[in-house]
Amino acid sequence: MTTATPAPSMPSPPPTTTSTTAGHKPIPASSTLPTPPAAWDVRSWQDPATAMLLPQVSTQRMLIPVEVYVDFICPWCYISMRSLEAAMDAFVARHPEVEFEVHWRPFYVAPMLRRSRPTLDFYAGAVPEEDKLRALLERIRVAGVAHGLAFDYAGRVGPTRDAHKLAALAARRGGRRAQALMVERLMRAGLVEARDISDAEVLAQVAASEGLGLDRADVFLELADEDASRRVDREVENAREVRGIEAVPCVTVLSRFKVGGFQDSQVFTDLFTKIYDEKIAQ
């Protein structure tokens, strides 16, 4: 799904290839440090100054940081979420020593959108040719069904800043697991249940759902907090200006590998395997 400036833009069809940075190699060990005594003892090559660019490995665990840039009105983002989760679950099943640390990052697909409008009107404004719009929605439908998702376009689409504020609140209150659950619930509410997630009452209902249980008063305080709005806006600006994120979904691994657009689970599996094999080879 691409950004819209100033007009909203439709979800773009999934690309056929993945875009990554140059091949990742761990920082070599200093010649003054001893040779690692065991395959998983990587103290000799893990440079504290650059540790965030490397999988964080102990004698039992390999921690791989992942950032996922999404917007809640983007159906490709929901499909990509399912695809990535399937890849991570399957990889951990084969390699129990691996743990993925996933952070969900905000992005605005339609930054100029100021009020809600019918979903199909929103899409038609971005893709006015009826045959092209129908073909695109069919591609989204087929991809969604393959990942257990049935999209409903009978609802409304509006600005997503408040929804991103809610995801940030969940992360502060409950950590990464709560944030992931909130992202899932917001995606489902807007894209599958056809609820208007730009509406504060809808957001409060999502936040109070099972497994989240955020206090209604806290939710409305967060939505009214201008500092919280500015924090989300800064994150989105940083994604564009610093991280070079131009469209969503976009997944970065180790802050170095970038996978843009919806991708099949195998694309993520191949990347995880490359990272894992390079670490084992050290």
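Biologist: Among contacts in the protein chain between residues at least 6 apart in sequence, what percentage join residues at least 24 apart?

Modeller: Please note that this is a predicted model. The chain holds 8 helices and 7 strands. Taking contacts between residues at least 6 apart in sequence, the share that joins residues at least 24 apart is 74%.

Biologist: What percentage of the 282 residues count as buried?

Modeller: A residue is counted as buried when its relative accessible area is under 20%. The protein chain exposes about 13,500 Å², of which carbon and sulfur atoms supply 53%. Of the 282 residues, the share that counts as buried is 46%.

Biologist: How are helix 5 and helix 6 oriented to each other?

Modeller: Helix 5 covers residues 200-207 and helix 6 covers residues 216-223; their axes come within 9 Å and cross at roughly 135 degrees. Angles over 145 degrees would count as roughly antiparallel, and 65 to 115 as roughly perpendicular. The two helices, helix 5 and helix 6, are therefore oblique.

Biologist: Into which classes do the residues of the contact of helix 5 with helix 6 divide?

Modeller: The crossing of these two helices, helix 5 and helix 6, is right-handed. Helix 5 contributes Ala-200, Glu-201, Leu-203, Ala-204 and Ala-207, and helix 6 contributes Arg-216, Val-219, Phe-220 and Leu-223. By class, the contact of helix 5 with helix 6 comprises 2 charged, no polar and 7 nonpolar residues.

Biologist: At roughly what angle do the axes of helix 4 and helix 6 cross?

Modeller: Helix 4 passes helix 6 in a right-handed crossing. The axes of helix 4 (residues 161-192) and helix 6 come within 10 Å, and their crossing angle is roughly 125 degrees. That angle makes helix 4, relative to helix 6, oblique.

Biologist: Is the peptide bond from Val-248 to Pro-249 cis or trans?

Modeller: Pro-249 is located in the loop between helix 7 (226-241) and strand 6 (250-253). Most peptide bonds are trans. The bond from Val-248 to Pro-249, however, has omega near 5 degrees and is cis.

Biologist: Is Leu-254 buried or exposed?

Modeller: Leu-254 sits in the loop between strand 6 and strand 7 (257-260). Although Leu-254 is not a glycine, its phi is positive, at about 60 degrees. The relative accessible area of Leu-254 is 0%, so this residue is buried.

Biologist: What is the relative accessible area of Ser-255?

Modeller: Ser-255 lies in the loop that runs between strand 6 and strand 7. Ser-255 is not a glycine, yet has a positive phi of about 60 degrees. Ser-255 is partly exposed, and its relative accessible area is 43%.

Technical notes
Residues numbered from 1 in each chain as written. Predicted model: local features only at pLDDT ≥ 70, side-chain atom pairs only at ≥ 80, totals over all residues. Heavy atoms only, no water. Axes fitted to C-alpha atoms, helices over the stretch in contact; angles between N-to-C directions. Helix = DSSP H or I, 4+ residues; strand = E, 2+ residues; numbered from the N terminus. Parallel < 35°, antiparallel > 145°, perpendicular 65-115°, else oblique. Left-handed = near helix turned anticlockwise from the far one by under 90°. Contact = heavy atoms within 4.5 Å. Nonpolar A, V, L, I, M, F, W, Y, C, P; charged D, E, K, R; others polar. Buried < 20%, exposed > 50% of the residue type's maximum accessible area, 1.4 Å probe, protein only. Areas by Shrake-Rupley, 256 points an atom, 1.4 Å probe, with all protein chains shown as cover.
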